[in-house]
Amino acid sequence: MKIAKTLITAAIATLAAGAAMADLTIGVVLPLTGPASGLGIPMKNAIALWPQSIAGEKLKVVVLDDATDPTTGVKNTQRLITEDKVDVIIGSAATPVAIPMADIAAESGTVQLAASPAGLPPGKDKWTFRLPQSNGVMAYAMVGHMKKQGIKTVGFLGYTDAYGELWLKDFTAEAEKNGIKVTGVERFARADTSVTAQALKLTAGNPDAILVVASGSGAAMPEKAIVERGYKGKIYQTHAAATRDLMRIGGKDVEGTLVVSGPAVIAEQLPDSHPSKKLAIDFVQKYEKAYGPGSRNQFAGHSYDAMIVLEKAVPVALKKAKPGTKEFRAALRDAFEGMGRTVVAHGVLDWTAQDHWGFTNETGVMLKVVNGDWKVE
């Protein structure tokens with residue numbers, strides 16, 4: 001059944017790209033089902049809006065569902081490389097899936113544009129570039145906001161997987177530098193349907209704030225559990241929760257929630273001087289014309305940005321080799337490392353040989369849920 005769904009998805013995506021016989025092949029692995037589907041589906045929707053060619057090369061896009069499962073993500077990546085002969089891979093939007101995909105991409109010498117903040121040991125990301133902001137960049141913005149609020153103690157309630165672990169590490173380091181203490185740490189799995197015990201332990205300590213580290217539709221459940229325990233302090237969420245699923249599922253319980261996000265989500269509220277404003281508004285207008293008012297999403301913005309960096313790097317790589325060859329894949333990697341300051345909807349990227357993250361500390365924006373909508377803090 002899972003295989004059938006995958007093939008159907010691939011066919012739809014290829015039709016959306018409008019190219020039966022293509023010259024430049026892009027493989028996409030996203031969580032279209034499972035706990036992280038709220039991240040993958042908006043990305044797939046935005047990909048359907050891509051142009052039909054890049055630098056005169058016809059574009060073929062093959063989208064596969066990783067079902068928020070690392071094993072499936074790895075199998076899909078292997079298929080894209082061996083059967084579809086892709087020139088570049090995008091995905092996954094789920095960190096625990098994106099990390100093992102990086103090994104397959106590196107072994108084959110294929111660029112991976114990770115759609116999640118995939119933490120890899122030094123040297124392991126030679127072929128992996130990230131589209132989202134790093135957790136460290138987002139923790140910088142979040143802790144800065146906490147300092148202004150006079151927060152001294154924070155409880156942590158996050159996923160047991162790589163996304164939760166990386167956030168705990170990066171947030172704790174940034175918090176300690178600013179005199180903020182993490183007073184309690186509780187964890188839960190993405191598939192869990194209740195965190196009552198963890199919420200009880202955290203709220204009993206009554207920290208000034210609680211940081212929830214979860215994603216998409218799974219971000220509301222732990223916050224509701226905290227609120228239902230009578231907690232009155234401030235609640236923060238990460239950029240993986242910057243989707244309308246938070247308000248749709250959380251309702252009044254998430255009013256006042258503070259969420260760190262990339263700038264694309266609040267395009268109209270950016271100052272005119274913000275370098276990303278023009279692109280962010282273009283992204284929002286195109287996406288919401290296709291999918292309705294208010295449908296914008298942090299992860300849909302990553303798909304928009306993926307096309308921006310491809311349109312900049314592909315012409316450079318084409319000067320050295322043709323798509324479908326290992327020489328082109330290597331040239332594309334070099335082009336990403338040398339593309340310099342690049343404005344995207346989510347900020348300003350500057351990938352180099354030493355830095356495959358790219359975004360600066362000024363990228364993160366703090367949002368607040370007010371009357372079921374986003375408001376810049």
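These questions and answers walk through one predicted model.

Colleague: What kind of model is this, and how are residues numbered?
Modeller: This is a predicted model: local features need pLDDT of at least 70, side-chain atom pairs count only at pLDDT 80 or more, and totals for chains, interfaces and linings use all residues. Side-chain values use heavy atoms, with hydrogens and water left out, and residues are numbered from 1 along each chain as its sequence is written.

Colleague: In what order do the seven strands of the open sheet run?
Modeller: Strands, marked E, are DSSP runs of at least two residues, numbered from the N terminus. Two strands pair if DSSP finds at least two bridges between them. The pairing here is mixed. The order is E8-E7-E9-E10-E11-E14-E15.

Colleague: Which are the edge strands?
Modeller: An edge strand pairs on one side only. E15 has its partner in E14 (residues 365-370), antiparallel and joined by four bridges. The edges are E8 (181-188) and E15 (373-376).

Colleague: Which residue in E15 stands opposite Val370?
Modeller: E14 and E15 run antiparallel. Opposite Val370 stands Asp373.

Colleague: At what angle does helix H8 run to E10?
Modeller: Helices, marked H or I, are DSSP runs of at least four residues. H8 (residues 220-228) lies across E7, E8, E9 and E10 (234-237). Angles run from 0 to 180 degrees between N-to-C directions, with axes fitted to C-alpha atoms, for helices over the stretch in contact. For H8 and E10 the value is about 170°.

Colleague: How many nonpolar residues has the contact of H2 with H11?
Modeller: Contact means heavy atoms within 4.5 Å. Leu39, Pro42, Met43, Ala46 and Ile47 in H2 meet Phe299, Ala300, His302 and Ser303 in H11. Ala, Val, Leu, Ile, Met, Phe, Trp, Tyr, Cys and Pro count as nonpolar, Asp, Glu, Lys and Arg as charged, and the others, Gly among them, as polar. Two residues are polar and none is charged, while the nonpolar ones number seven.

Colleague: At roughly what angle do H10 and H11 cross?
Modeller: H10 covers residues 277-291 and H11 residues 298-318. Their axes come within 11 Å. The crossing angle is roughly 115°.

Colleague: Is Ser116 buried or exposed?
Modeller: Ser116 sits in the loop between E5 (111-114) and E6 (128-130). Buried means under 20% relative accessible area, exposed over 50%, partly exposed in between (1.4 Å probe, protein chains only). At 1%, Ser116 is therefore buried.
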